[in-house]
Amino acid sequence: LYAEPSLPLRVVRDVANTETKRIVVDSPQVFDEMMSFVSRFVADPKPKVELYRGTLPIFDEFGIEAEIDANLGRKVWLKSGGYLIVDQSEALTAIDVNTGRYVGKRDLEETVLKTNLEAVKEVVHQLRFRNIGGLIIIDLIDMETAENREKVYRALQEALRQDKAKTNILKISELGLVEMTRKRTRENLVQQLCEPCPYCEGRSYVLSRASVSQKVLREIRKDLPRFCGRRVAIAVSPRVAEMLLGAEREALAELEAELGRQLEVRAVPGMHQEHFEVIALDVGPPVGIALSWLGTEEPTPVAEPVAEAPMSPFRADALEAFSPLDLDPEAPSADSDETVDVTPEFRIMPRPEQGEES
């Protein structure tokens, strides 16, 4: 009943506007579809649709590949020499503005104002290009005068008018922070093109080689009784091995003295920096382990179970008719807190002969 158009036609529908001058396509089939779509559904002034026939890939010809690579990074350079730092997290996106190499010509306030004015335009471009949604915090460079803060705020509002996604923006605070929200329309650029790093598991950091070295030494010291008198090898990544044999050499020597053996450090190429293996190379002397159940007291003898006499079917049927409490007239009531052993005693009576009263 209803289907979305293909990706090229969705681009024309969602992205193209009155400022779009031309659209370049490298597929003859898509070119025909787009020409038909533009003529039927795009209002005047219509963009010019061109068929690209060059030998280079179209992304390389127009610099799109480099643009994608640049916008996947955290740092985005501004033309003046300043830069932005874009950090995306689960809760919000923080964008920090820095002057970088730009020092201005006259005074600091002018430098800050020019950097912030350039930064807000680039921020809006990054929000659209990366398709960032949700809560967004922009940390502008502090401005002393309220007039300059108002200029930057108006420039940000003007730049956001070109954004089709719904946005809400608050005034610049005294600390130079701008709080805004942008409606999520689809996955952002990082989610579409990237996946979590398998090395750091998406944390964006790993334990330092010094931390891993200390962790290795603590692990061996914790299991010192098991390793004493035995040859021990440590398999680690090359950078951690360099640390153990360099800066941590003194701590390693102290541990070797406690073990009574030399520790063999093995650098394993390709091993994760946070991973390590402690390997015992031989069988050491027996280790005494105190066990609570190995005492000097004689074990308490267990009584042999007494075989119960078989119960006659007659008596077994009769026992099901009453409760064990009914056997003792002096048994406590159900509301009493007194604990009494009410286990009944039964005697097996011989089956009555014929003619006798049972």
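Modeller: The account below begins with confidence and then turns to the helix pair.

This is a predicted model, in which local features need pLDDT of at least 70, side-chain atom pairs count only at pLDDT 80 or more, and totals for chains, interfaces and linings use all residues. Residues are numbered from 1 along each chain as its sequence is written, and side-chain values use heavy atoms, with hydrogens and water left out.

The predictor's confidence in each residue, pLDDT, runs from 0 to 100. For the protein chain its mean is 80, with 78% of residues at 70 or more. Helices (H or I, at least four residues) and strands (E, at least two) are DSSP runs, numbered from the N terminus. Confidence is highest in strand S6 (residues 134-139), at a mean of 93, and lowest in helix H12 (residues 313-319), at 45.

As for the pair, helix H8 (residues 209-222) packs against helix H11 (residues 249-259) at an angle of about 15°, and their axes are 11 Å apart. Axes are lines fitted to C-alpha atoms, for helices over the stretch in contact, and angles run from 0 to 180 degrees between N-to-C directions. H8 and H11 are therefore roughly parallel to each other, a term for angles under 35 degrees. From H8, the contact (heavy atoms within 4.5 Å) involves Leu217, Ile220 and Arg221. H11 contributes Ala251, Leu252, Leu255, Glu258 and Leu259.

Elsewhere, Glu118 belongs to helix H5 (residues 108-130). Leaving aside neighbours within four places in sequence, Glu118 is in contact with Leu78, Lys79 and Ser80.

Definitions and conventions:
Angles under 35 degrees count as roughly parallel, over 145 as roughly antiparallel, 65 to 115 as roughly perpendicular and the rest as oblique.
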